[in-house]
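Let us walk through this protein chain step by step. Keep the sequence and the 3D view side by side as you read.

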Amino acid sequence: MADIDDPKDHLLSIEDISKQIEVLLHASEAPLTTNHLKKHLFLTTNKLEQALELLKQRLNLGVLSLHHTASGYRLQIADSHSALIQNVFPQRQERLSQALLETLSVIAYKQPVTRSDIEHVRGVTLSSNILRQLFDKGWIEENGYKDTLGRPALLHTTSQFLDAFGLSHLDELPPMPEIDSIRASS
């Protein structure tokens, strides 16, 4: 295989490029963006897309999958093996409280929102501890202020939120169910 700095790199096959991407993803502690991959592997957008598709197909035969999140591409264990991991490593399971998930859902679906907006939707006072947990996880951030009395902070989700839930964009969130249909099924 040619050295990355070798001027003959443009002669590499799509298979070789896909293997280089796989190596970089294994070595990286964080997802890699398309710009990062194109820059360091000297690729066009078309070549990168072809190599990523080939890598995805090759990985689908094994236990890893190529996953695209808001922060870039990463390798992860295929979903079909999650039950085994949870059985062998139960400490990896993080339990998120119903209140935290409700709060996060309101922020994700209705952003930007204020604390008061969240309380109005949920119908209960919002615990500061829940917001602190969401800030600590890096899942939400303050970004601007509402032009109203007291100028409350506007809350938004972050790319870390998208990464944690395996999403590239907010529009990949499942459709929000109607509240009346939820109450009717309870």
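A crossing of two helices is called left-handed if the near helix is turned anticlockwise from the far one by less than a right angle, and right-handed if clockwise. Helices (H or I, at least four residues) and strands (E, at least two) are DSSP runs, numbered from the N terminus. With those terms in hand, look at helix 5 and helix 6: their crossing is right-handed.

This is a predicted model, in which local features need pLDDT of at least 70 and side-chain atom pairs count only at pLDDT 80 or more, while totals for chains, interfaces and linings use all residues. Residues are numbered from 1 along each chain as its sequence is written, and side-chain values use heavy atoms, with hydrogens and water left out.

Start with the overall plan. The chain has nine helices and four strands. Along the sequence they follow the pattern α-α-α-β-β-α-α-α-α-β-β-α-α. Of the 186 residues, 30% are buried. Buried means under 20% relative accessible area, exposed means over 50%, and partly exposed lies in between (1.4 Å probe, protein chains only). Contact means heavy atoms within 4.5 Å. Among contacts between residues at least 6 apart in sequence, 50% join residues at least 24 apart.

Now return to the two helices. Helix 5 and helix 6 (residues 115-122) pack at an angle of about 115°, and their axes are 10 Å apart. Axes are lines fitted to C-alpha atoms, for helices over the stretch in contact, and angles run from 0 to 180 degrees between N-to-C directions. Helix 5 brings A99, E102, T103, V106 and I107 to the contact, and helix 6 brings I118, V121 and R122. By class, that makes five nonpolar, one polar and two charged residues. Here Ala, Val, Leu, Ile, Met, Phe, Trp, Tyr, Cys and Pro count as nonpolar, Asp, Glu, Lys and Arg as charged, and the others, Gly among them, as polar. The loop between helix 5 and helix 6 holds P112. The peptide bond from Q111 to P112 is cis, with omega near 0°.

Next, look inside. In soluble globular proteins, nonpolar side chains tend to be buried together. A nonpolar core is a set of buried Ala, Val, Leu, Ile, Met, Phe, Trp, Tyr and Cys residues joined through side-chain atoms within 4.5 Å. The largest such core has 18 residues, and I107, I118, L134 and F161 touch the most other members. Helix 5 (98-110), helix 7 (128-136) and helix 8 (159-164) each give two or more residues to this core. Helix 5 gives the most, with five residues. Apart from this core lies another, of 17 residues, including A51, L55, L66 and L75.

Pick out I118. Not counting residues up to four places away in sequence, I118 touches T103, V106, I107, V113, L126 and L155.

Turn to the strands. Two strands pair if DSSP finds at least two bridges between them. Strand 1 and strand 2 run antiparallel and are joined by six bridges. They form a hairpin with two residues between them. In this pair, H68 stands opposite Y73. S71 lies in the loop between strand 1 (64-69) and strand 2 (72-77). S71 is partly exposed, at 23% relative accessible area. Beyond four places in sequence, S71 touches P31, L32, T33, S159 and D163.

The other pair is strand 3 (residues 140-145) and strand 4, also antiparallel, with four bridges. E141 stands opposite H156 of strand 4. How enclosed is strand 4 (residues 153-157)? Five of its five residues are buried, so strand 4 is largely enclosed by the rest of the structure. A153, L155 and T157 point one way, while L154 and H156 point the other way. R151 sits in the loop between strand 3 and strand 4. R151 has a positive phi of about 45° although it is not a glycine.

Finish with two contrasting residues. F42, in the loop between helix 2 (34-41) and helix 3, is exposed at 54%.
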